[in-house]
Amino acid sequence: MKRSVDFQEEHYIFRDAFRKFIELEIQEHYGSWEEDGIVPRAIWKKFGENGFLIPWVPEKYGGAGADFLYSVIIIEELSRSGFSGVFVPLHNDVVAPYIESFGTEEQKMKWLPGCASGDTILAVAMTEPEAGSDLAAIRTTAVRDGDEWVLNGQKTFISNGILADTVVVAARTGDSDTPPHQGLSLFIVDRGAPGFSRGEPIKKIGLKAQDTAELFFDDCRIPAENIIGGEGMGFAYLMQKLQQERLVCAIASQSAAERCLEMTIEYVRERRLFNKPLSKFQNTQFKIAEMASELAVGRSFVDDLIRNHTAGESVVSETCMAKYWVCEAAKRIADECLQLFGGYGYCIEYPISRFYVDARIQTIYAGTSEVMKLIIARGMGL
Ligand SMILES: Cc1cc2nc3c(=O)[nH]c(=O)nc-3n(C[C@H](O)[C@H](O)[C@H](O)COP(=O)(O)OP(=O)(O)OC[C@H]3O[C@@H](n4cnc5c(N)ncnc54)[C@H](O)[C@@H]3O)c2cc1C
């Protein structure tokens, strides 16, 4: 599909290298990782060795000082391949930015080089059993005790929850009089911190190779210097970074949906029914024309946002629109495509089945479609 993003020669070279990496290091193994419910740590090290982890981070912290388009390429290629359960984009473009943007120099020097090499895998823990869409309802507390913070509470649905060596945790620091939005702070909690534990991986209908887990903080003690930025600034930091998180989802959904349509076009050309290819039925042609149109609209919008976001513009409402519309479209498209595969589409052997289940989560995490609509409407002054 025609792109309006300014990819340069070096981006194309990077994309080729990353595609080869996927073919060589992921393709053959992904099915067994899905069965295991987790990707091996070794693959994270290989990502790091090849420069595919936090490439945008400055060199002094282990990155390559690359622009956002390198992240876009990694997200797109993982989604197109159907290997979305390798949750590197969360590490690269959602969690590491909290440390890089709001952390102290010491924090950046301490954590980012490991994030770039693959020795430190990241997760972010906002959601709680009673606080999903409503982040202001977060109950996990952090109380200062001398030169430590003491965390108590529970998080759920945390991606990379089992693998993570370092978790950025949102916790309440204000007292009961503090307005909910001013009482949140962000903390860095490392594997092995006393009082920090995790549950069993949560079994899911899709993203099967991705480890999602509950995290528990039971008088969990971390050094005072593990707070990110200012006390009470957590909500503001989260809001600042959600533009990129939502754009990441839209980019991933758009690429996955484009691949669904490509696979389906190949299939309907091959599949013969009633003495003619399935592609020659008007229903098939209409369905494909509808999906191609939706994808063209989505591509144009997503590329526009990639350009604006890379240029540092604030496109909060627009990324919510893309997160809502593109992810909903991708869900519909995966469903329509699977339908055209008939019974074969329902079989694990056919990758379309994986795209179908993996598309389902995109309208739920990083803010549900309904929450996106709330933010869009609020942005319109309603
Ligand atoms: C696979 C997976 C990975 C995840 N990874 C992470 C992670 O890494 N870190 C993390 O912190 N969280 C993560 N999450 C959590 C995810 O962000 C939440 O599930 C999501 O925000 C929704 O919260 P909830 O599940 O509590 O649903 P709820 O908030 O209970 O929502 C239930 C329904 O109510 C609707 N709703 C909510 N509020 C309104 C409203 N005001 N008006 C109308 N309708 C509304 C919702 O849209 C939804 O349809 C993950 C979840 C999953 C399933």
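A residue counts as buried when its relative accessible area is under 20%. The views below come from a predicted model.

**View 1. Asparagine 160, in the loop between β3 and β4.** Asparagine 160 lies in the loop that joins β3 (148–159) and β4 (166–172). Its relative accessibility is 1%, so asparagine 160 counts as buried. Asparagine 160 is not a glycine, yet its phi is positive, at about 60 degrees.

**View 2. Isoleucine 54, in the loop between α3 and α4.** This loop runs between α3 (41–49) and α4, and isoleucine 54 is found in it. Isoleucine 54 has a phi near 30 degrees, which is a positive value in a residue other than glycine. Because its relative accessibility is 0%, isoleucine 54 counts as buried.

**View 3. Glycine 183, in the loop between β4 and β5.** Glycine 183 is found between β4 and β5 (184–190), in the loop. With 0% relative accessibility, glycine 183 counts as buried. Residues up to four places away in sequence aside, glycine 183 touches Ala171, Arg172, Thr173, Gly174 and Thr178. Phenylalanine 235 is 52 residues from glycine 183 in sequence, and the two C-alpha atoms are 8.0 Å apart in space.

**View 4. Glutamate 76, a residue of helix α4.** Glutamate 76 is found in α4. Is this residue, at 1% relative accessibility, buried or exposed? Glutamate 76 counts as buried, because 1% is under the 20% limit. Not counting residues up to four places away in sequence, glutamate 76 touches Arg3, Phe7, Arg15, Ile251, Ser255, Arg299 and Ile306. The C-alpha atoms of glutamate 76 and alanine 256 are separated by 7.7 Å, and the two residues are 180 residues apart along the chain.

**View 5. Serine 84, in the loop between α4 and α5.** The loop between α4 and α5 (88–102) holds serine 84. Leaving aside neighbours within four places in sequence, serine 84 is in contact with Tyr30, Leu78, Ser79, Leu207 and Asp358. Leucine 338 is 254 residues from serine 84 along the chain, and their C-alpha atoms are separated by 18 Å.

View 6. Helix α8 covers residues 282–310, 29 residues in number. From first C-alpha to last, α8 reaches 41 Å, close to the 42 Å expected at 1.5 Å a residue. Just after α8 comes glycine 312, with a positive phi of about 85 degrees.

**View 7. The packing of α8 with α9.** Two packed helices are described by the angle between their axes and the distance between the axes. For α8 and α9 the angle is about 155 degrees, and the axes are 10 Å apart. The two helices are therefore roughly antiparallel to each other. α8 passes α9 in a left-handed crossing. On the α8 side the contact includes Lys287, Glu294, Val297 and Phe301. Among the residues they and the rest of the α8 side meet in α9 are Trp325, Arg332, Ile333 and Leu340. By class, the contact of α8 with α9 holds 15 nonpolar, three polar and five charged residues.

**View 8. The packing of α7 with α9.** α7 and α9 pack at an angle of about 25 degrees, and their axes are 8 Å apart. That angle makes α7 roughly parallel to α9. The crossing in which α7 passes α9 is left-handed. The contact of α7 with α9 has 18 nonpolar, five polar and two charged residues.

**View 9. The packing of α9 with α11.** Helix α11 (residues 369–379) packs with α9 at an angle of about 145 degrees, with the axes 9 Å apart. The crossing of α9 and α11 is left-handed. α9 gives Ser317, Cys320, Met321, Lys323, Tyr324 and Glu328 to the contact, and α11 gives Ser369, Met372, Lys373, Ile375, Ile376 and Gly379. These residues divide into six nonpolar, three polar and three charged.

Conventions: Residues are numbered from 1 along each chain as its sequence is written. This is a predicted model: local features need pLDDT of at least 70, side-chain atom pairs count only at pLDDT 80 or more; totals for chains, interfaces and linings use all residues. Side-chain values use heavy atoms; hydrogens and water are left out. Helices (H or I, at least four residues) and strands (E, at least two) are DSSP runs, numbered from the N terminus. The expected span of a helix is 1.5 Å times one less than its number of residues. Axes are lines fitted to C-alpha atoms, for helices over the stretch in contact, and angles run from 0 to 180 degrees between N-to-C directions. Angles under 35 degrees count as roughly parallel, over 145 as roughly antiparallel, 65 to 115 as roughly perpendicular and the rest as oblique. A crossing is left-handed if the near helix is turned anticlockwise from the far one by less than a right angle, and right-handed if clockwise. Contact means heavy atoms within 4.5 Å. Ala, Val, Leu, Ile, Met, Phe, Trp, Tyr, Cys and Pro count as nonpolar, Asp, Glu, Lys and Arg as charged, and the others, Gly among them, as polar. Buried means under 20% relative accessible area, exposed over 50%, partly exposed in between (1.4 Å probe, protein chains only).
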